[in-house]
Structures are given as structure tokens and as C-alpha cells.
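I opened this chain to look up its strands, helices and backbone angles. My entries are set down below by topic.

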Amino acid sequence: MLFAVISLLLFSRSPVLADKQKSGLKESELYSRSAVLIDADSGRVLFGKDEENIMPMASTTKIMTCILTLENASLDDVVKVSPYAAKMPEVKLHIHQGEHYKLGDLLYSLMLESHNDSAAAIAEHVGGSVEGFAQMMNEKAKEIGCNDTYFITPNGLDASKEVARADGTTVKKEHSTTALDLAHILRYCIKLSPKKEEFLKITRTAGVSFQNLEVSGDGGVSHGSRSFSVQNHNAFLHMMDGALTGKTGFTGNAGYCYTGALESGGRTFVIALLACGWPKNKTWKWKDARKLFQYGLDNYQKTDITNYDYAPNPVPVKNGAGTDRLLKTKIELPLRASQKAQEMLLSKSDKVKMSPKLPKLLDAPVAMGEQVGTLDYYVNGEVVSQMPIWADREIKTRTTGWYLRLVFARYLDPFF
């Protein structure tokens, strides 16, 4: 059987929290009403402040718009601007109804300058309509495991919607997420998506220039008469060594928001901040971001949690046919456990435990290399990784011929 690793190090959303009192950072030190720091490799929560509260997230929404577009369309697609997209409020690129743009250029406009009209044009092109794209966004959120997130707009403008329930009633839903969900969406964008490299390239670009497109009647495309230049407004890229990517956001309802990532010494941290002040407090998000990232850098190091000395005990196999001369009727299956290194970010206060999960009895046949159990690793009582335990030999099922040989051995073989 192929190497079957069920690795929660890749997909875990378990909120295994560090001891905040020992960390040197307290919730009260953060301006944000909701904040979280996670390990981008494992998804483990390293610090949180009301990180599961559902709140609006403003233009941090656009990280989902960007990654969904990268995964479902070509950057060379030609986008036609609709009346709806052209009428989006500030902040905007000021695209005009009926104009054409290359999709890749609009993504730079979306992520570097947070243009709302570009977001709407992108959504209509990729999803057929803003509503269709919002449905795609919500499906992707569920796929990632972000069940407390609900998208209505592709740009993060405050919005609400009556949603039908299964019983025929309706419930009012807000365009919203949690700090924990938002951090996991950015984690997906930079670690798990097949388009992660493209996402990082766009969001790390300092600035680009482009033009609209002229589309002729026969489908020919050429540069238009309007030129644009967009610059990256993620100031945090220059505030700390290792700053990797991020997206800001603001609406009157959401306040200042931010999600970002930082990479240092093989460690990647992701943060999300919601409701981090309102006008006159624009710099608070940068202060909170620095505190959270510094906490991660100061307290967490990559540690190998693998128990290389562990050797699983054999497991009995029901109806197993022995291959030795004595045709034993009691068959035990030898096992071997994965010894692959399991590195994760740990602090000095984190407690690691290992526990095998194996059946008391197996049914024949069992193939050589077949996975029969897992070796579970826990941090602070929560499973963070499951490594496979395999069969170390083949065990066939007893047949009529096997029983005949057993009878012969017992009654005719003087050495039995």
C-alpha cells in the first residue's frame, strides 16, 4: 500500500493554545477586538484573542477573491467592464463601462490598491455574476474548513442578505468571518493552494503599470488609450524582516483589519486582526501585527516530535495462514511505524505525547505494507499529527489446502 499519512500538520484547525501567561503577551496589550496568530505549516493556534467571534472583515476579503480567480481563470483572460462594476464606490481604479482589461492586470489593481471596481469586474467574469462568485467564495471557504465565514461581496464592502433555511424560514446573514477563519484563508493562499506561488508574486509586487485593451470586431486585442499605475499599499512588507504578504481593509462597520504572513528561519506565521481601531487609529494594526509576529518569533521554534525508538507490538490475525513448516494456528502480524520526521513549532511550555491506535485483532488477508493503524502525536492534549503503522509481512487467508496440510502435519509428521 502507498505511504498513507493522515497528517493533521497540513490540515489541522485545532485551537491548541499556548500558555498566554508565560508568553509575554496578554490579550489586553492588543488594540484589535479579535486577533489570532497561527503556525502556517500546521494551522495550530499559537495565540488568540476572541479569535472565533464573527465580525466584518472589509477588504481582507480580497485574498479569497484573488486566490479563487487564480484557481479558476487565466491571467490572460479579457474582462469586459459592466455598468455595475463601473459604479463601485471608492477606493476604485475608475474603469469605465464597456472597457476591456486583462484579468491579470485587474488582480494587481485588486491586491495592491484594493480597488472595489476591479473586484466586481473580476467576480462577474469568473463567477458569471457577483452572486455566482460569492457562492464560489462560500464553497471554497467550506472546503478550507472556514465554517464561520460568509461572503456576499468580492470586495469586502459591508453587506447583509436574507438567506433561506431548510425549514423555509430565512435568516439575516452579514458579510463576515472570524480572525481564525481569515488566518486560515491566508494560510491556504500561501501554503496549500496550487496557485500559491502566483498569489505571492502578485501580493509582493511593489508596483505595476498597464493599459486597458481595445477589442476589435474580429476579436483582435491591442493596447487601449488609458494607462494605469498601481502601487503596493501593504506597508508592513517593509516593517519587519521576513514579512511575506498581507492585505489591509477598512469600512465604517469593520474598522481597520489586516491579515498577513511572516517567514523567518524556516518558520511561517500568519496573523489576522479585526476591528483594530477606526479613523485616527490607522497605525494600531501595524503595532498589533508586530506584537503578534514578535511573540511567535520569540517563543516558537521548529521541533522534531517523532519518537524514533517506538516499535509497535504484533497484532493477532484471525484466519491467518502461517507459512512456516509447523503451520501455526495462532498468527501474529509484525508491524512497523513511520519514522518520518515530524517538525512543528513548539514553545517551552508545550507538552507532547504519543499514542498508537491499533486494532486488537485483524482479519486475514493482510497485504505487506498495508496500513493497519496510526501513531498519534498530541500537543497539549490535541492531535496534531497521525503517522501510519504498516504490516511488515503478508498474511494470507486459510484455505482448504492449508487445513489439509495442517492435518497431515499433526497426524503424519513425527516431528510436529
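The entries that follow go from the whole chain to single residues.

**Ground rules**

I am working with a predicted model, in which local features need pLDDT of at least 70, side-chain atom pairs count only at pLDDT 80 or more, and totals for chains, interfaces and linings use all residues. I number residues from 1 along each chain as its sequence is written, and side-chain values use heavy atoms, with hydrogens and water left out.

**Entry 1: the whole chain**

I looked up the secondary structure and found 11 helices and 22 strands. Helices (H or I, at least four residues) and strands (E, at least two) are DSSP runs, numbered from the N terminus. Of the 416 residues in the chain, 52% are buried. Buried means under 20% relative accessible area, exposed means over 50%, and partly exposed lies in between, with a 1.4 Å probe and protein chains only. I then looked at contacts, meaning heavy atoms within 4.5 Å. Among contacts with a separation of 6 or more, 68% are between residues 24 or more positions apart.

**Entry 2: an open sheet**

In which order do the 5 strands of the open sheet lie? I read the order as E2-E1-E11-E10-E9, with antiparallel pairing. Two strands pair if DSSP finds at least two bridges between them. The edges are E2 (45–49) and E9 (243–251), each of which pairs on one side only. Ignoring direction, neighbouring strands here are turned by 5° against each other on average. The axes behind such angles are lines fitted to C-alpha atoms, for helices over the stretch in contact, and angles run from 0 to 180 degrees between N-to-C directions.

I followed E1 (residues 34–39) next, and 6 of its 6 residues are buried. Ser34, Val36 and Ile38 point one way from E1, while Ala35, Leu37 and Asp39 point the other way.

E1 pairs with E11 (residues 267–274) over 6 antiparallel bridges, and with E2 over 4 antiparallel bridges. Leucine 37 has a bridge partner in each: isoleucine 271 in E11 and phenylalanine 47 in E2. The hairpin of E1 and E2 has 5 residues between the strands, and glycine 43 in this hairpin takes a positive phi near 85°.

Alanine 243 stands opposite leucine 262 in E10.

**Entry 3: another hairpin**

E5 (residues 160–164) and E6 (residues 170–174) run antiparallel and are joined by 5 bridges. Alanine 164 stands opposite threonine 170 in E6. Between E5 and E6 there are 5 residues, and glycine 168 in the turn has a positive phi of about 95°.

**Entry 4: helices**

At what angle do the axes of H3 and H6 cross? For H3 (residues 62–72) and H6 (residues 116–127) I noted roughly 35°, with the axes coming within 11 Å. The crossing of H3 and H6 is left-handed, a term used if the near helix is turned anticlockwise from the far one by less than a right angle, with right-handed used if clockwise. Lys62, Thr65, Thr69 and Asn72 in H3 meet Asn116, Ala119, Ile122 and Val126 in H6. By class, the contact of H3 with H6 has 3 nonpolar, 4 polar and 1 charged residues. Here Ala, Val, Leu, Ile, Met, Phe, Trp, Tyr, Cys and Pro count as nonpolar, Asp, Glu, Lys and Arg as charged, and the others, Gly among them, as polar.

I also checked H10 (residues 284–299), which has 16 residues and reaches 23 Å from its first C-alpha to its last, close to the 22 Å expected at 1.5 Å a residue. The expected span is 1.5 Å times one less than the number of residues. Among the buried residues of H10 are Trp286, Leu292 and Phe293.

Proline 365 sits in the loop between E19 (362–363) and E20 (371–379).

Aspartate 50 is not a glycine, yet has a positive phi of about 45°. Aspartate 50 is in the loop between E2 and H3, and counts as partly exposed because its relative accessibility is 39%. Serine 114 has a positive phi near 65° and lies in the loop between H5 (103–113) and H6.
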